[in-house]
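Reader: I am new to this structure. Please show me how to read a few of its features.

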Amino acid sequence: MRKEPPFKHGTPQKTAVVLINLGTPDNPDTPSLRRYLGQFLSDPRVVEIPRLIWWLILNLIILRIRPKKSAAKYRTIWTEEGSPLLAIGKRQVAALEAGFKARRWGVRVELAMRYGNPSVASVMDKLRQEAYDRVLILPLYPQYAAATTASSFDAVFDWAKPVRNVPELRLIKHYHDHPAYIHALAEHVRRQWRKIGTPDFARGDILLMSFHGVPEKTLLDGDPYHCECHKTARLVAEELGLEKAHYRVTFQSRFGKAKWLGPYTDKTLQSLGQLGTKRIDVMCPGFMADCLETLEEINDEGRETFQHAGGGEFNYLPCLNDSELSGAMLTEIAGQHLQGWPVDLGYEESAAAELSASRARALEMGAKEIS
């Protein structure tokens, strides 16, 4: 067991929310991608292949070839702020903090990455050092999947194993059908359409909702991800007043030779292009922030696939990112899961007398004075 940080009697309880996203390399270069991919692809939640066989494939083949190719792709989306996922994540923290402040809640917000930095363990250590003893874990994956949500929970539990005084933890499993999330997505689409014009669905224009793919075996083994993606898409379409013919649900980012959830985004874009579709708008409802999979795979490669096949106008609709809609949605969802914890500003002051008396009693009993 690890030694606990010094405890000062009479310290008020404090609450924090940790936003967790999948992760990003530190830099768009081969060594950084090798570290990042090595950590990511070593997770048994991500790749469900016998460990010895996969270790050989990963270390003798994939990590010798893929990092250089991935680094080249990351360089196409890298910004002055660094990784878009990390930069947007920091702004999402600020947006959620502003939402709590508007409600007069004294809740700390931190960002962690399941793979890469800032790591889940480092963020939890920081909160532990600063005496935060109530922590809400909010994964930035609206749809639950073992490879994302459960893996992020694993990281929290792994951190907690050697901790003697584990904080009170709450975990948000999913919010794929939460009214605040559905409203934010639909309103975000409406705002984009007010800028670029609404598709002409009567002539065959399409709204394509692309979700990150997972192997089909995970669905057959009981993972609810596939169903939750389709429910999200259906609810967004209903709020937008779309008919079934007006939109498609597809899955992107296949890896390896196994069969993944379909229909595949790239194949669908190619098919729609070959059919001469005049306009397609693409959104990625499963991503809370733009990243390699949306900016490079969809907005660059997807656009080229569609138009090279004969398609017309291609519009990528950005993720919610750090928009006002995103901040309001995260505040609403986190707020529901914070119920029952004393988070109102002024709580510490109202409890000051009781805490002072508690401290005095502890000192009388021989507790050491900590300045």
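Author: Begin with C229, which is buried, at a relative accessible area of 0%. Buried means under 20% relative accessible area, exposed over 50%, and partly exposed in between, using a 1.4 Å probe and protein chains only. This is a predicted model, in which local features need pLDDT of at least 70, side-chain atom pairs count only at pLDDT 80 or more, and totals for chains, interfaces and linings use all residues. Residues are numbered from 1 along each chain as its sequence is written, and side-chain values use heavy atoms, with hydrogens and water left out.

Reader: How many disulfides are there?

Author: A disulfide is a covalent bond between the sulfur atoms of two cysteines. Here it is taken as a pair of cysteine sulfur atoms within 2.5 Å, and the count by this rule is 0. For C229, the nearest cysteine sulfur belongs to C227, 9.2 Å away. For C319, the nearest is that of C284, at 5.7 Å. C319 is buried, with a relative accessible area of 4%.

Reader: Is T232 buried or exposed?

Author: T232 is buried, because its relative accessible area is 0%. T232 sits in helix α8 (residues 225–240); helices are DSSP runs of H or I, at least four residues, numbered from the N terminus.

Reader: Which residues are in contact with T232?

Author: Contact means heavy atoms within 4.5 Å. Leaving aside neighbours within four places in sequence, the residues in contact with T232 are Q143, H176, Y181, I182, L185, F211 and P285.

Note on methods:
Helix = DSSP H or I, 4+ residues; strand = E, 2+ residues; numbered from the N terminus.
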